[in-house]
Amino acid sequence: MDSIVQALSIHAKETPDRIAVIADDEQITYGELWKEVQGFAEFLRKQGFEKGSRITVKAAPSIWFAVSCFGIHLSGNVHVPMEKTIGPEGIINIADELSASMIVADTDLSDRISENDGKYKYISSALVRETAKEYYRDGLVFDFPTLDMTCDIMFTTGTTGKSKGVMESHRAVVAVSENVQYGAEIPKDNIYLVPAPINHASAIRKLYVSILTGTTVVLLDGFTDVKKFFNYVEKYKVTSILMPPAAVRMILLLAEKNLAKYSGQLHHIHTGSAAFPEADKDKLCEILPETRLYFAYGSSEAGCVSMYDYSKNRGLISCVGKPNKNANIFIVDENRNPIKSSKENQGLIAISGGMVMQGYYNAPELTGEVLKDGVVYTNDIGYIDDEGFVYMLGRRGDVINIGGLKIAPTEVENVVLRYPDIADCACFAKEDRMGGVVPRLNVVMKKGCELDAAKLRAHMAEHLEAFKIPKQIVAVDELPKTSNGKLDRKRLV
Amino acid sequence: MLDRIIEILQGIRDDIDYYSEDSLIDDGIFDSFDIVGLVSELKDEFDIDIIIDDLTPANFNSAESICALVKKLQDED
């Protein structure tokens with residue numbers, strides 16, 4: 001298979017009546033979707049763009065988005081999804097930065113685009129399906145995109161804070177979809193609920209894996225509408241769910257019993273893209289005994305490179321599983337030389353394989369820092385054990401160095417979060433009176449619980465080497481968080 | 001009650017005019033973490049039980065709609 005849109009064309013012939021996408025309480029079959037995709041591709045072809053033109057799309061969890069996405073791919077152009085909250089200014093900025101040929105959005109841009117001398121065309125997202133139907137006719141012929149053509153440019157903020165456009169080839173998009181397909185053993189009749197912004201890499205990849213496997217995807221606009229989330233699980237007999245760590249925490253706190261009811265129905269839950277507290281993993285295992293629970297490791301630069309079913313292999317703290325179908329994972333030293341790693345001899349995680357990005361758009365220097373000869377060099381500290389399990393312990397910048405002994409804060413935090421009285425915690429370096437640093441632990445206690453530092457230290461001693469146990473433990477009311485709810489390590493003092 | 005709810009909301013973000021803002025969820029001003037925090041504060045403060053059927057954007061888009069939800073739940077008690 002060279003592209004997801006090619007898979008779509010095959011499933012449209014084999015199972016035309018199967019539902020492909022559900023969104024906004026509307027659904028579309030493989031047969032209908034393939035027709036609309038061809039129609040939209042024909043519309044784009046008629047615009048006379050050069051192949052490989054960038055088309056920016058203000059994303060929304062809806063059927064028109066799927067039509068536009070695969071129509072762009074089929075016409076040989078590059079799909080660039082943007083945040084749904086982006087304003088007119090941002091849309092124009094990205095279109096300028098990418099020298100885009102067309103913008104698809106629900107924002108009225110008619111004033112601004114005429115100012116730009118028709119540099120790019122604009123179509124309202126509300127008209128995508130209508131236009132597609134208008135341009136469709138029997139007997140349209142297209143060349144499918146080939147493996148090395150750019151498929152998508154995904155915008156990511158990453159750790160530097162500056163927005164980067166990750167270029168993914170059709171090869172990478174198919175490879176990452178296969179990683180998910182084989183990693184999670186997606187069933188033939190799977191119904192995947194994706195309650196996340198569809199422009200995010202982890203979300204759009206679940207659309208892709210569903211189309212690749214000829215199964216059904218249900219798109220929903222995030223987790224804030226908890227009622228709708230459970231309505232959809234029930235109504236569409238959902239069998240797998242994409243759930244980022246923040247969503248897991250939210251559902252566990254607000255609706256644990258409601259989720260527990262679906263243990264028999266749910267084949268798996270896929271979590272990835274951020275640090276995932278061990279305590280939340282334990283809780284999911286407890287309430288969903290019949291469901292597979294995957295934690296996936298990957299990034300926009302190299303997607304879903306490993307998966308770990310923590311419901312089967314309990315107790316391997318910080319494990320991210322074994323490499324997926326198209327991924328090769330190895331550990332390197334500071335000079336990027338491969339090393340034989342172990343728990344005692346950790347290094348940095350490096351990744352090669354089909355799912356590796358082409359590079360950052362228009363940023364060769366930045367690309368060179370991360371990607372060399374087909375290998376993505378991450379800042380993630382890890383090792384591989386004798387059985388081939390990969391462990392990811394934290395980001396390089398977060399590591400606490402105590403006289404040469406290195407402590408990954410997440411390793412300590414994961415142990416502490418398993419202690420019953422603790423609601424949240426953060427481990428960080430604090431300067432001591434001698435001018436050095438000591439590891440310090442701030443904890444937020446659960447309501448009605450008081451900190452007993454000696455007992456907590458005894459708990460840590462069961463799981464951690466002595467030098468990793470923080471010298472100072474302090475109870476605080478809250479921890480600094482970033483706007484998306486992750487621990488803000490820079491503000492810990 | 002509205003003033004107390006606004007105090008709670010200001011604890012989450014203090015740069016919003018809660019008397020006029022009516023798209024706290026729809027415009028992404030509050031994310032899922034904010035809602036979790038808010039729900040637990042409302043439960044404690046007003047001694048109410050919030051179930052998933054109440055967890056809709058319409059109920060949480062403005063201070064006024066949150067106030068109406070709390071009143072409704074108190075009446076049901």
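Chain A splits into domain 1 (4-390) and domain 2 (401-491); the bounds come from an automatic or database domain assignment. The model is predicted: local features need pLDDT of at least 70, side-chain atom pairs count only at pLDDT 80 or more, and totals for chains, interfaces and linings use all residues. Residues are numbered from 1 along each chain as its sequence is written, while chains are lettered from A and ligands numbered from 1 in the order in which they are written.

The centres of domain 1 and domain 2 of chain A lie 34 Å apart, taken over C-alpha atoms. Where the two domains touch, 10 residues of domain 1 of chain A are in contact with nine residues of domain 2 of chain A. Contact here requires C-beta atoms, placed from the backbone, within 7 Å. On the domain 1 side, helix 11 (residues 278-287) of chain A gives the largest share, three residues. Helices (H or I, at least four residues) and strands (E, at least two) are DSSP runs, numbered from the N terminus. By class, this side of domain 1 of chain A has seven nonpolar, one polar and two charged residues. Ala, Val, Leu, Ile, Met, Phe, Trp, Tyr, Cys and Pro count as nonpolar; Asp, Glu, Lys and Arg count as charged; the others, Gly among them, are polar.

Now to chain B. Chain B has four helices and zero strands. Its radius of gyration is 11 Å, close to the 11 Å that the globule rule gives for 77 residues, so chain B is as compact as a globular protein of that length. That radius is taken over C-alpha atoms, and the rule is 2.2 Å times the number of residues to the power 0.38. Along the principal axes, the C-alpha atoms of chain B fill a box of roughly 35 × 25 × 20 Å.

Inside chain B, helix 1 (residues 2-12) packs on helix 4 (residues 63-76) at an angle of about 120°, with the axes 10 Å apart. Axes are lines fitted to C-alpha atoms, for helices over the stretch in contact, and angles run from 0 to 180 degrees between N-to-C directions. Helix 1 of chain B contributes Leu2(B), Ile5(B), Ile6(B) and Leu9(B) to the contact, and helix 4 of chain B contributes Ala63(B), Glu64(B), Ile66(B) and Cys67(B). By class, that makes seven nonpolar, no polar and one charged residues.

Finally, the two chains meet. 13 residues of chain B are in contact with 16 residues of chain A. Helix 2 (residues 32-46) of chain B supplies the largest share of the chain B side, five residues. That side has eight nonpolar, three polar and two charged residues.
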